[in-house]
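Morning, everyone. Please look at the model on the screen, and I'll walk you through it.

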Amino acid sequence: MQPVPVPALPQGYNFRRVGKEDFQDKNLFKTLSILTTVGDIPEPKFHALIDYWNDRKEIYNPMVITNAENVIIATGMLFVEHKLIHGGGKVGHVEDISVNPSEQGKKLGLIMIRNLIQIAQNEGCYKVILDCDEKNVKFYEKCGMKIEGVEMGYRF
Ligand code: 16G
């Protein structure tokens with residue numbers, strides 16, 4: 001199996017896991033709010049969620065890219081589903097991809113996706129899937145993904 005190619009980040013940029021310290025400057029929240037509603041997350045709730053994710057590292061990979069000023073400017077989650085089918089196989093779910101528009105043109109979205117796919121490959125997933133807006137289809141195709149079905153939902 002070919003390893004997925006992951007382009008290099010610009011000098012001084014980093015790809016890393018989300019941590020409790022990310023509550024302070026709110027840049028994680030600001031970046032995610034470009035994608036959708038973040039809502040009210042008090043610090044104890046944020047810390048409890050980080051503990052929950054960290055207790056299940058084989059499932060939750062909440063990742064960010066920081067710029068040379070150490071500011072979070074891109075987010076992404078790889079959720080690894082442990083299945084019964086495919087001989088107890090695993091499926092990677094790419095979620096919550098958001099890139100700050102001030103950092104556009106640096107391929108950070110592509111780099112985030114490729115890093116998440118690489119984690120999925122290293123975890124032994126047999127496929128990686130995601131749901132997205134119609135307007136983002138071309139971007140995800142550039143990342144190497146293909147349309148395989150139709151997204152459906154039931155909202156509460
Ligand atoms: C997009 C996201 C998904 C996120 C959803 C939020 C990607 C690939 N997809 O579909 O992860 O959960 O938006 O939308 O990032 P919502 O607020 O309407 O649930």
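What covers the buried residues of α4? The cover includes β1 (14–17), β2, β3, β4, β5 (127–129) and α5 (137–142). Covering here goes by contact: C-beta atoms, placed from the backbone, within 7 Å. Helices (H or I, at least four residues) and strands (E, at least two) are DSSP runs, numbered from the N terminus.

A word on sources. This is a predicted model: local features need pLDDT of at least 70, side-chain atom pairs count only at pLDDT 80 or more, and totals for chains, interfaces and linings use all residues. Residues are numbered from 1 along each chain as its sequence is written.

Back to α4. Its buried residues are L108, G109, I111, M112, I113, N115, L116, I117 and A120. Buried means 20 or more other C-beta atoms within 10 Å of the residue's own. After α4 comes G124, with a positive phi near 85 degrees.

Now the largest nonpolar core. It has 22 residues. Such a core is a set of buried Ala, Val, Leu, Ile, Met, Phe, Trp, Tyr and Cys residues joined through C-beta atoms within 7 Å. β2 (60–66), β3 (72–82), β4 (90–99) and α4 (108–122) each supply at least two of its residues. The largest share, seven residues, comes from α4.

Take I65, one of the residues with the most contacts inside this core. Leaving aside neighbours within four places in sequence, I65 is in contact with L9, Y13, N14, F15, I73, A74, L108, I111 and M112.

In general, nonpolar side chains tend to be buried together in soluble globular proteins. Thanks.

Notes
A residue is buried if 20 or more other C-beta atoms lie within 10 Å of its own, exposed if 12 or fewer, and partly exposed in between; C-beta atoms are placed from the backbone. Two residues are in contact if their C-beta atoms, placed from the backbone, lie within 7 Å.
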